[in-house]
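Reader: I am new to this structure and would like to go through it by question and answer. Please show it before we start.

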Amino acid sequence: YKEDKIHFWDNVYGFDMSAIKSLALLEPLVDTVQSEQECTRYSKFLEVDIATVKKEELPFDAPFRLTVTHNEFVHALVVHFDIEFSKCHKPVYFSTGCKAQYT
């Protein structure tokens, strides 16, 4: 996994792009996770109504608690978001969560 995501920069189609590797490590890694790889229960820590939210409400700290479902090594924290456009003529909902259809 690390070879594909991080060491990838050592040889990008024959080019040494290793100088980018240190920058790549500073950014969050966006990837997919299979639901069977989850080892905790879901924990919501923020809900935003885009119709009423104010700019000053967007920075946030949110306490959360994870309940472990089985004994496993934890390699990452997975964060996902759900979107609901409910005030449209045809409501639209999708999720980026592990149990949802890939978006």
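Reader: Which residues line the second largest pocket?
Author: This is a predicted model, and the second largest pocket in it has a volume of about 150 Å³. The residues that line the second largest pocket are Asp-4, Lys-5, Ile-6, Phe-8, Trp-9, Ala-24, Leu-25, Glu-27, Pro-28 and Leu-29.

Reader: Which elements give two or more residues to the lining of the second largest pocket?
Author: The lining of the second largest pocket includes Asp-4, Lys-5, Ala-24 and Leu-25. The elements that give two or more residues to this lining are helix H1 (2-5) and helix H2 (21-26).

Reader: How many residues in the lining of the second largest pocket are charged?
Author: By class, seven residues of the lining are nonpolar and no residue is polar. Asp, Glu, Lys and Arg count as charged, and Asp-4, Lys-5 and Glu-27 are among the lining residues. The number of charged residues is three.

Reader: In what order do the elements of the protein run from the N terminus on?
Author: The protein has two helices and two strands. From the N terminus on, their order is α-α-β-β.

Reader: What is the radius of gyration of the protein, and is the protein more spread out or less spread out than a compact globule?
Author: For 103 residues the globule rule gives 13 Å, and the radius of gyration of the protein is well over that, so the protein is more spread out than a compact globule. Along the principal axes, the C-alpha atoms fill a box of roughly 50 × 35 × 30 Å. The radius of gyration is 18 Å.

Reader: What share of the residues in the protein is buried?
Author: A residue counts as buried when its relative accessible area is under 20%. The accessible surface of the protein comes to about 9,800 Å², and 57% of this surface belongs to carbon and sulfur atoms. Of the 103 residues, the buried share is 7%.

Reader: Which residues is Thr-69 in contact with, leaving aside its neighbours within four places in sequence?
Author: Thr-69 is found in the loop between H2 and strand E1 (82-85). Its C-alpha atom is 6.6 Å from that of Arg-41, a residue 28 positions apart from Thr-69 in sequence. With those neighbours left aside, the contacts of Thr-69 are Glu-38, Cys-39, Thr-40 and Arg-41.

Reader: Why does Thr-69 count as partly exposed?
Author: Buried means under 20% relative accessible area and exposed means over 50%, with partly exposed in between. Thr-69 counts as partly exposed because its relative accessible area is 40%.

Reader: What is the phi of Tyr-13?
Author: Tyr-13 is in the loop between H1 and H2, and it is exposed, with a relative accessible area of 76%. Most residues other than glycine have a negative phi. Tyr-13 is not a glycine, yet its phi is positive, at about 50°.

Reader: What separates the C-alpha atoms of Ala-19 and Trp-9?
Author: Ala-19 is in the loop between H1 and H2 and counts as exposed, at 65% relative accessibility. Trp-9 is one of the residues that line the second largest pocket. Ala-19 and Trp-9 are ten residues apart along the chain, and their C-alpha atoms are separated by 7.9 Å.

Reader: How far apart in space are Phe-94 and Lys-21, C-alpha to C-alpha?
Author: Phe-94 is in strand E2 (residues 92-95) and is partly exposed, with a relative accessible area of 30%. Phe-94 and Lys-21 are 73 residues apart in sequence, and in space, C-alpha to C-alpha, they are apart by 33 Å.

Notes. Residues numbered from 1 in each chain as written. Predicted model: local features only at pLDDT ≥ 70, side-chain atom pairs only at ≥ 80, totals over all residues. Heavy atoms only, no water. 1 Å grid on protein atoms, 1.4 Å probe; cavity = no way out; pocket = protein on both sides within 12 Å on 5 of 7 lines; lining within 4 Å. Points joined across faces, edges and corners; volume = space filled by probe spheres on them. Helix = DSSP H or I, 4+ residues; strand = E, 2+ residues; numbered from the N terminus. Rg over C-alpha atoms; globule rule 2.2 N^0.38 Å. Buried < 20%, exposed > 50% of the residue type's maximum accessible area, 1.4 Å probe, protein only. Areas by Shrake-Rupley, 256 points an atom, 1.4 Å probe, with all protein chains shown as cover. Contact = heavy atoms within 4.5 Å.
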